[in-house]
Structures are given as structure tokens and as C-alpha cells.
Amino acid sequence: MKDAKNVTITDSEWMVVRAIWTMGHATSRELIDAMNELEGWSASTTKTLLHRLIQKQAVAQHGGSRPFTYKPVVGEKESMAAAADDLFDHMCAMRAGSTIAGVIQSRELSRADIANLQAILAEKAKTAPEEVQCNCLPGDQTC
């Protein structure tokens with residue numbers, strides 16, 4: 001698998017690669033039909049996005065003749081983690097906790113997800129500072 005940290009994809013490209021992750025592999029016809037049903041996209045839109053994903057090496061084309069099969073080159077979990085890291089790298093470190101709390105409040109989570117989060121937080125609390133320092137500007141800045 002390719003390192004997901006080296007692949008930046010747009011919101012529309014996410015839709016296509018998510019479909020491929022869900023299917024495991026897909027032909028262009030399967031993707032065109034799926035994206036048309038989900039998003040109302042034309043065949044040319046889906047083909048364009050698929051071509052961009054191939055250029056970015058997020059998806060690989062397999063087979064010597066049509067119909068080609070498309071498979072993910074980047075892993076789903078790794079790509080989501082890289083996207084989340086990228087988001088948090090662009091915000092003040094002091095805001096990470098409230099942002100995570102907002103995400104948790106706005107999403108449906110299973111009991112297993114909640115138990116996992118509680119265990120992670122309990123372990124993290126053992127070494128957590130009283131306050132996270134601002135990382136926006138050098139010096140004694142605080143947000």
C-alpha cells in the first residue's frame with residue numbers, strides 16, 4: 001500500500017475512492033453506476049475523478065483490456081487518519097480537544113467505539129498537561 005500521507009484527494013475524489021474501498025475493487029461501469037445513483041454524476045465526471053485518483057496513485061488500474069478493474073492503493077484507515085492529522089495540523093493545538101469533542105457529539109458511535117474512546121482517554125489522562133500550549137506563533141501567544 002502507498003503511504004496515505006503522501007496522497008491528497010479532493011472531496012469528490014473521496015466519494016469515488018470510498019466506493020472502491022467499499023466494493024474492494026470495481027470496474028469503471030460499476031463506479032459510474034454507483035456514483036450516478038449516489039450523487040447523480042455523469043459518466044464523464046466519474047471517469048475524470050477516477051483518472052485523477054490513478055494519477056495520484058491512490059487507485060490502480062488492473063487488467064490488459066476492458067473492462068479494467070480498479071483497486072485502492074491507499075488504505076482506508078490510513079487515509080482517514082492522514083486526513084484527520086492534516087486537519088489538526090492546521091489548527092491551534094489548544095483547540096484540538098474541543099474540536100474532537102464536537103466531532104464526537106455530532107457523530108453516531110457504537111458502544112464499542114465509546115468504550116474504546118473511554119479507554120484511550122483514561123490512558124491519555126495519566127500524562128496529560130494541565131493546559132495544552134498554543135502553537136500558532138512563537139513566544140508567549142495564547143489563543
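Two strands count as paired here if DSSP finds at least two bridges between them. Strands (E, at least two residues) and helices (H or I, at least four) are DSSP runs, numbered from the N terminus. This is a predicted model, where local features need pLDDT of at least 70 and side-chain atom pairs count only at pLDDT 80 or more, while totals for chains, interfaces and linings use all residues. Residue numbers start from 1 along each chain as its sequence is written, and side-chain values use heavy atoms, with hydrogens and water left out.

**View A. The β2–β3 hairpin.** Strands β2 (residues 59–62) and β3 (residues 69–72) run antiparallel and are joined by 4 bridges. Look for Q61, which sits opposite Y70 in β3. The hairpin has 6 residues between its strands, and G63 in the turn shows a positive phi of about 105°.

**View B. The E13–K56 salt bridge.** A salt bridge here is a side-chain nitrogen of Lys or Arg within 4 Å of a carboxyl oxygen of Asp or Glu, and the whole structure has 3 of them. In this one, the closest N and O atoms of E13 and K56 are 2.7 Å apart. E13 lies in helix α1 (residues 11–23) and K56 in the loop between α3 (43–55) and β2, so the pair ties together parts 43 residues apart in sequence. Buried means under 20% relative accessible area, exposed over 50%, and partly exposed in between (1.4 Å probe, protein chains only). E13 is buried at 1%, whereas K56 is partly exposed at 30%.

**View C. The R29–D33 salt bridge.** Here the N to O distance is 3.0 Å. R29 and D33 are 4 residues apart in helix α2 (residues 28–39), so about one helical turn separates them. R29 is partly exposed at 48%, and D33 is partly exposed too, at 40%.

**View D. The largest pocket.** A pocket is an open set of points on a 1 Å grid over the protein atoms alone, where a 1.4 Å probe fits, with protein on both sides within 12 Å along at least five of seven lines; lining residues have an atom within 4 Å of a point. This one holds about 730 Å³ of space, the volume being what probe spheres set on the points fill, with points joined across faces, edges and corners. Of its 16 lining residues, M80, A84, F88, V103 and R107 lie nearest the centre. Helices α4 (76–89), α5 (96–106) and α6 (111–125) each give two or more residues to that lining, and α4 gives the most, with 7.
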